[in-house]
Amino acid sequence: AARDAKYMSQTLLSLGFRVTSGTDLTRAEILTLVQQVQKSLKPDDVALFYFAGHAIQLGSENFLIPVDAYGTDEATIQQSSVKLQTVLAEMESRADRNIVILDACRNNPFDLPEISRSIGGATRGLAKIDAGVGSFIAFSTQPGNVALDGSGRNSPFTEALLRHLPTQSDDLHEVMRKVRRDVVRQTNGAQV
């Protein structure tokens with residue numbers, strides 16, 4: 001995930017984005033970073049949030065898992081994680097156009113008993129997110145599935161993103177269609 005973030009930062013810089021990045025962040029560091037970026041946004045900006053790492057669905061909400069997350073029950077894990085909707089709300093409060101890219105549907109990092117369908121076991125992946133007008137959200141895999149880390153330098157999803165983002169002649173929807181095609185092909189249909 002750290003390599004994915006590094007190469008994504010480099011690609012976004014080359015495309016003219018102002019990049020604020022971090023790897024292996026604590027909950028407080030993630031929230032501070034999001035607030036710093038939010039304060040710098042203007043309505044005409046395109047805000048892009050890219051996250052690679054662990055995230056889980058608890059109930060109907062998605063949580064990004066920082067390096068200091070802990071817990072043996074849902075309430076504790078929620079309190080020690082970062083709600084994805086909080087990140088999106090911060091972005092939408094300042095910028096009219098927002099892009100959230102999540103390469104984060106990886107296996108649940110918590111070793112918990114199956115106390116609930118929303119942790120591990122039967123429910124995997126991330127929940128659908130409803131975004132405001134002007135926001136675009138891309139997941140690395142379909143709901144209920146776990147994204148693969150891949151065997152190369154980057155995950156299959158980020159590898160495809162890095163290949164197709166620099167094609168400025170395409171709009172975002174066309175870029176993401178190409179990413180989807182490549183991910184399906186590279187994972188033999190295991191990840192959509």
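Analyst: A polar contact is a pair of N or O atoms within 3.5 Å, and within protein one must be able to donate a hydrogen and the other to accept it. The model discussed here is predicted.

User: What makes the backbone oxygen of A95 and the side chain of N98 a polar contact?

Analyst: The distance. The backbone oxygen of A95 lies 3.0 Å from a polar atom of the N98 side chain. The cut-off is 3.5 Å, so the pair falls within it.

User: Why is N98 called buried?

Analyst: Its relative accessible area is 2%. Buried means under 20%, so N98 qualifies.

User: Where does N98 lie, and what is it in contact with beyond its neighbours within four places in sequence?

Analyst: N98 lies in strand β5. Setting aside those neighbours, N98 is in contact with A47, M91, E92, G134, S135 and F136.

User: Which residues touch the most other members of the largest nonpolar core?

Analyst: That core has 21 residues, and F49, L64, L84, V87, V100 and L102 touch the most other members. At least two core residues come from each of α2 (27–40), β1 (46–52), α4 (84–92) and β5 (97–103). The largest share, four residues, is from α4.

User: What is L84 in contact with, leaving aside neighbours within four places in sequence?

Analyst: L84 is in contact with F49, N62, F63, L64, V100, L102 and I129.

User: What else is there by way of nonpolar cores?

Analyst: A second, separate core holds 19 residues, among them A52, A160, L161 and M176.

User: What makes helix α5 mostly covered?

Analyst: The count. Seven of the nine residues in α5 (residues 156–164) are buried. They are P156, F157, T158, A160, L161, L162 and H164. Each counts as buried because its relative accessible area is under 20%.

User: What covers those buried residues of α5?

Analyst: The cover includes α1 (2–14), β1, β5, β6 (135–139) and α6 (172–186).

User: How do you know what share of the contacts in the protein chain joins residues 24 or more positions apart?

Analyst: By taking contacts with a separation of 6 or more: residues 24 or more positions apart account for 64% of them.

User: How many helices and strands does the protein chain have, and in what order do they run?

Analyst: There are six helices and six strands. From the N terminus on, the order is α-α-β-β-β-α-β-α-β-β-α-α.

User: What share of the protein chain counts as buried, and how much surface is accessible?

Analyst: Of its 192 residues, 42% count as buried. The accessible surface comes to about 10000 Å², with 48% belonging to carbon and sulfur atoms.

Definitions and conventions
Residues numbered from 1 in each chain as written. Predicted model: local features only at pLDDT ≥ 70, side-chain atom pairs only at ≥ 80, totals over all residues. Heavy atoms only, no water. Core = buried A, V, L, I, M, F, W, Y, C linked by side-chain atoms within 4.5 Å. Buried < 20%, exposed > 50% of the residue type's maximum accessible area, 1.4 Å probe, protein only. Contact = heavy atoms within 4.5 Å. Areas by Shrake-Rupley, 256 points an atom, 1.4 Å probe, with all protein chains shown as cover.
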